[in-house]
Amino acid sequence: IFRDTTNVYGSNLLDLDTTDTYGEIILRSDQGYTVYRHFGDGDIQEIDVLTNETSGYNRVGKPQIEITDLDSDGEVEALYGDYDGHILIFKHRGNGLFDFVWSDSLPLPDATNWMTTGDFDGDGDMEFIAGCWTYGAGTESEFTAKRWFFVVYDVPGYETFVPVDTLIFFGAVHPSDYDEGVSSGDLNGDGSEEILLCLYPDFYIVDYIPENDRYQPIWFYPQCESNLSLVTDFDQDGATEFIFNTGTDVVAYGVDPDRPPAPSNVVASPVDTTAINITWRTVAGADSYRVDRAVGNGNLTLYHYLTDTLFIDSNVVRDTTYHYIVYTQDSAYPNPLSPPSLQVIVVPNTRPEANPQADFTHPHFVKVHFNEPMDESITFTGHYTIEGWGSPVTAVPFASGSQVLLAFPGSFPNGTYILLMEDLWDQQGSEISDSLRFAHFEVTLDTTHMPYVTRATILGSNGVLLEFSAPMQPGPMSNPANYHVDPFGSVTAAAPDVAHSVQLKLDTSAPIGAVGRTFIVSAWNLFDNYGNPIDTLHNSASLRAYRENLNDVYVYPNPFTGAGPDGAESVIIAGLTRQATVNILTVNGRLVRTLNETNGDGGILWDLKNQNGERVASGVYLYYISSGAYKKKGKFAILK
């Protein structure tokens, strides 16, 4: 009774107006979501489009749109996100029609599928959480510390949406390679919903903590490969369970009403070579806690009872492995002993130290040496601070983790600097020594060094972030006439971002990015804060990009009407991976041309000739693209 073949996927079945006899369908296409209504007898018609007017490509991912009454006014809202990192809300005004009412921009790309709604804080009003993740390209440290970034929003009133907290989880991997997702549900029957995050390879439960008015992880499982965690009373015993996929098994957990909850957030860390600290979060109503311990490969056995949430184990031997689990004891339950906490493993050893002398390299690089290999904590830029200067923008470990190279924004003037390091740990779990967590360095440079371009980064479809080796004078840096983009295009606006970078808006005849071209951005007539002119031998940077998958493939111009991007008879198949094979066929399935993308610029040009070098006729053509496990097909038109 209904058919749509234009790359459309089903998203939601719903009844927006309960007073009528009609139902609605929301379908997802590459550019957004469309509302259809079933008027009966197979008559299905489009009635509205949830148009995304934010900047960027505005493409969406797997079909996910949250439909719920967020502001409790009796009309539902539609919440969805796009690959540019935008999240949008549309209000239903009746008769199946929606109005755009709100949007926000998350700090990282891809906000397409990482959201859920619920009453997370138990106040009777709705909240929602939306997430994004690092997209592979970016600063050096993102290759060793990719991360998920989530924002929790409150809805305090009519069409009012306010961010109230953020959560960051390090170690993100590409969602096209592993199943990941977000859901929510009231796991413990307290009237508020917990947030369940499947973030390969880990699973987290996040809850609102009234004592500090923050959202925090309260439970963790170290193996998860699931695009969703399902929450319901599966065994119909009156208690809620949740299930998720570990990659090898489907596991189920729940709250046992006859037993107290197990302690959460159990952390063990060496104090030094003679003691270990074990801490956990307080369990309301607990009489006491039981700690079990195992030494080496031995069995876990009862070790200690206490009423505090801090246990110091002083009966340890240096460089020996210890395992701990913690139980809650609460006599108010039929079974007063809780299930065990997650096990923690720790090795007491000497606390690591940083060499008090750091190495400085012009213009803004600082190398720190440690006396032993450190864990991934040294890759987090927020763990380093220089008073009056701030934190670095990248932190790249090397020498097996015994050294880290920090890159700070701007260029250091001459002087003496002290670097403070906090929350750094060695590979045995020992925190850096209190007395040896500082490093100093001297900057003694000739101020006549000419500044130069260090990097260019693509921003959306027509923006570029251009970075320099030193703080630049804002006047010349704000003049768009001092920049040019080859092979075509001029700069229409230049906005200094910070002292050493500028955001450029380009006026191009085709978008930049993964479009089959290498662009060169050049800067002229710029000066640093010392008055030194930019080095004209190093005043440019190249821009080349490719996609991690084939989700965003497109052909331009489409339709082709006589002239391609350079005025020639050609089209570009864009949005490709580093290597891909493109087969072009007629609508009857006859192979016209095979093209191979090999140079990593995200696109390939077709000169509208077949395998024999002959110009093809006007008509509709199909493309079929393969790149490893990724496949993509579509169509485009040639009109001469």
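## A salt-bridge network

Asp71, Asp73, Glu77 and Lys91 are linked in a network of salt bridges. The model is predicted.

Asp73 is partly exposed, at 32% relative accessibility. Lys91 is buried, because its relative accessible area is 1% and buried means under 20%.

## Other salt bridges

The structure holds 16 salt bridges. Side chains of opposite charge can pair when their charged atoms come close. One of the bridges joins the side chains of Asp165 and Arg214, at 2.8 Å from N to O. This pair also links distant parts of the chain: Asp165 is in strand S12 and Arg214 in strand S16, 49 residues apart. Asp165 is buried, with a relative accessible area of 6%. Arg214 is partly exposed, at 38%.

Another bridge joins the side chains of Arg455 and Glu467, at 3.0 Å from N to O. Arg455 lies in strand S34 (residues 453-459), and Glu467 lies in strand S35 (residues 463-468), 12 residues apart. Arg455 is partly exposed, at 28% relative accessibility. Glu467 counts as buried, at 13%.

## Domain layout

The chain is divided into domain 1 (55-254), domain 2 (267-346), domain 3 (359-443), domain 4 (453-543) and domain 5 (554-638). The C-alpha centres of domain 3 and domain 5 lie 48 Å apart.

## Strands S39 and S40

Strand S39 (residues 519-523) pairs with S40 in the antiparallel sense, over 4 bridges. Val521 stands opposite Ala541 in S40.

In a regular strand the side chains alternate between the two faces of the sheet. Strand S40 (residues 540-543) has two such faces. Ala541 and Leu543 make up the covered face. Ser540 and Ser542 make up the uncovered one.

A cis peptide bond joins Tyr200 and Pro201, with omega about 5°. Pro201 is in the loop between strand S14 (194-199) and strand S15 (202-209). A cis peptide bond also joins Tyr556 and Pro557, with omega about -10°. Pro557 is in the loop between strand S41 (554-556) and strand S42 (571-574).

Glu159 is not a glycine, yet its phi is positive, near 50°. Its loop runs between strand S11 (147-157) and strand S12 (160-170). Glu159 counts as partly exposed, at 22% relative accessibility. Asp423 has a positive phi of about 55°, although it is not a glycine either. Asp423 lies in the loop between strand S32 (415-421) and strand S33 (438-443). Asp423 is partly exposed, at 40%.

## A buried serine

Ser430 is found in the loop between S32 and S33. Ser430 is buried, with a relative accessible area of 0%. The side chain of Ser430 makes a polar contact with the side chain of Asn349, at 2.2 Å.

## A nonpolar patch

Leu228, Leu230 and Phe234 make a nonpolar surface patch of about 250 Å². Leu228 is in the loop between strand S16 (214-221) and strand S17 (230-232). Why can Leu228 be called partly exposed? Its relative accessible area is 35%, and partly exposed covers values between the buried limit of 20% and the exposed limit of 50%.

Notes
Residues numbered from 1 in each chain as written. Predicted model: local features only at pLDDT ≥ 70, side-chain atom pairs only at ≥ 80, totals over all residues. Heavy atoms only, no water. Domains from an automatic or database assignment. Buried < 20%, exposed > 50% of the residue type's maximum accessible area, 1.4 Å probe, protein only. Pairing = 2+ DSSP bridges. Patch = residues over 30% accessible without salt bridge, like charges linked within 9 Å, V, L, I, M, F, W, Y side chains within 5 Å. Areas by Shrake-Rupley, 256 points an atom, 1.4 Å probe, with all protein chains shown as cover. Salt bridge = Lys/Arg side-chain N within 4 Å of Asp/Glu carboxyl O. Polar contact = N/O pair within 3.5 Å; in protein donor to acceptor, adjacent residues only side chain to side chain.
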